[in-house]
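Please look through the briefing below with the sequence and the 3D structure side by side, taking one topic at a time.

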Amino acid sequence: PARAATAGTATAVAHPNIALVKYWGKRDERLVLPRTDSLSMTLDVFPTTTRVRLDPGAGQDTVILDGAPAKGEAQRRVTAFLDLVRERAGMSLRAVVDSRNTVPTGAGLASSASGFAALAVAAAAAYGLRLDPAGLSRLARRGSGSASRSVFGRFAVWHAGDADATPRDADLGSYAEPVPADLDPALVIAVVHAGPKSVSSRAAMRHTVATSPLYAAWAAAAGDDLAGMRAALARGDLDAVGRIAEHNALGMHATMLAARPAVRYLSPASVTVLDRVLELRQDKVAAYATMDAGPNVKVLCSRADAERVADAVREAAPGSRVVVAGPGPGARLLHG
Ligand code: 2P0
């Protein structure tokens with residue numbers, strides 16, 4: 001009866017997050033359990049809004065992404081995610097999912113993080129699942145690992161959990177939670193290329209773990225990076241946050257470049273922006289770069305320096321779209 005009162009239709013909004021200590025590599029593909037802890041900043045730009053409506057007459061789910069029916073892998077991933085929610089809710093009703101992104105999908109701008117965080121919150125509400133924030137984070141993780149972090153606003157750490165645990169305990173142990181930070185930085189995002197990536201991060205991280213001789217060293221350093229990052233955030237030390245984020249990200253890309261064959265997401269425009277960030281530092285501007293599964297570069301700096309950094313990035317990569325972001329809110333239900 002409690003379920004009947006809440007189930008039906010729900011709409012949620014979530015924002016992408018950019019990792020300062022990256023997630024790159026799974027130890028369990030089915031449960032989406034990572035090999036390392038990661039830590040991110042949720043953005044205040046590029047929200048995804050997702051509505052889930054239960055559809056009693058339907059024999060299958062309908063998935064609409066940005067106004068068009070989803071096909072192939074995207075449709076399969078959403079349906080598999082809804083199957084998980086249905087199993088937990090003890091319901092079999094199909095649903096209509098209508099999701100709108102304001103960020104280019106699949107361009108290394110964390111559209112799967114905002115997408116599955118919004119879907120987790122909306123689907124849990126539509127199917128009447130009562131989950132606390134950690135439970136929503138675990139659920140979002142099953143859709144896309146980085147989505148576990150977008151359940152929370154500002155800064156969040158995603159725990160890998162115990163590698164030796166049983167599957168049930170491993171699932172329970174892997175969720176995100178907020179991280180205290182005395183910092184309100186800007187993240188200047190240079191969209192040098194908005195098209196979809198050539199290799200999905202899911203496939204690329206699997207290939208990196210399987211073939212890169214540098215992977216083990218990068219993963220082994222993740223613990224120190226995380227401890228250093230937590231301490232730097234707590235004391236509001238932008239330089240230390242930026243330094244750790246930049247070397248962690250470039251190290252992740254090094255593991256990919258050493259994979260066989262190599263996975264290379266950086267483009268000439270990315271490298272030009274990275275050069276420009278170095279020049280800014282020589283001019284005593286605290287600016288540090290991070291990059292994900294795509295050629296776009298995100299530059300961490302103070303709010304006061306954001307416009308100067310944005311101008312420098314625009315000049316370095318003419319024709320790119322430059323967006324200044326800051327720490328944003330966690331995923332939330334809009335109504336229903
Ligand atoms: C991250 N990325 O920590 C890293 C850094 C990209 C580079 O999480 O397979 O879409 O769905 O769990 O979360 C992108 O991978 O991968 C990602 P799945 P996801 O933000």
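In this predicted model, strand S1 (residues 9-14) and strand S6 (residues 48-55) run antiparallel and are joined by 6 bridges. Within this pair, Ala12 has Thr50 of S6 standing opposite.

**Strand S6 and its other partner**

- S6 also pairs with strand S9 (residues 94-101), again in the antiparallel sense, and this pairing extends over 8 bridges.

- Four strands make up an open sheet in the order S2-S5-S10-S11, and their pairing is antiparallel.
- Because S2 and S11 stand at the edges and each has a single partner strand, one side of each is left without a neighbour in the sheet.
- On average, neighbouring strands of this sheet are turned by 30° against each other, when direction is ignored.
- Strand S10 (residues 155-158) and S11 are antiparallel and are joined by 3 bridges, and here Ala156 stands opposite Pro178 in S11.
- Helix H8 (residues 215-234) lies across S2, S5 and S10, and runs at about 110° to S2.

**The sheet S13-S14-S12-S15**

- Another open sheet is formed by 4 strands in the order S13-S14-S12-S15, with antiparallel pairing.
- Strand S13 (288-291) and strand S15 (321-325) are at the edges of this sheet with a single partner strand each, so one side of each is left without a neighbour there.

- Which residues touch the most other members of the largest nonpolar core? Of its 93 residues, they are Ala117, Ala120, Val121, Ala122, Ala123, Ala124 and Val299.
- Helix H3 (residues 111-126) gives the most to this core, contributing 12 residues, and the core draws at least three residues from each of domain 1 (2-182) and domain 2 (186-325).
- Leaving aside residues up to four places away in sequence, Ala124 touches Val85, Leu129, Leu131, Leu136 and Leu139.
- Two of these names return in helix H4 (residues 133-143), whose buried residues include Leu136 and Leu139, along with Ser137, Arg138, Ala140, Arg141 and Gly143.
- The buried residues of H4 pack against helix H2 (72-89), H3, helix H5 (147-150), helix H6 (167-173) and strand S11 (176-178).

**The two domains**

- The protein is divided into domain 1 (2-182) and domain 2 (186-325), and the C-alpha centres of domain 1 and domain 2 lie 24 Å apart.
- Where the two parts meet, 27 residues of domain 1 are in contact with 35 residues of domain 2.
- On the side of domain 1 that touches domain 2, the elements giving two or more residues are strand S2 (17-21) and strand S5 (38-42), and S2 gives the most to that side, with 3 residues.

**The protein as a whole**

- The protein contains 11 helices and 16 strands, and buried residues make up 48% of its 336 residues.
- Among contacts between residues at least 6 apart in sequence, 76% join residues that are at least 24 apart.
- The C-alpha atoms fill a box of roughly 65 × 40 × 40 Å, taken along the principal axes.
- A compact globule with 336 residues would have a radius of gyration near 20 Å, and the 19 Å of this protein agrees with that.

Note on methods. Residues numbered from 1 in each chain as written. Predicted model: local features only at pLDDT ≥ 70, side-chain atom pairs only at ≥ 80, totals over all residues. Pairing = 2+ DSSP bridges. Core = buried A, V, L, I, M, F, W, Y, C linked by C-beta atoms within 7 Å. Buried ≥ 20, exposed ≤ 12 C-beta atoms within 10 Å, placed from the backbone. Domains from an automatic or database assignment. Contact = placed C-beta atoms within 7 Å. Rg over C-alpha atoms; globule rule 2.2 N^0.38 Å. Axes fitted to C-alpha atoms, helices over the stretch in contact; angles between N-to-C directions.
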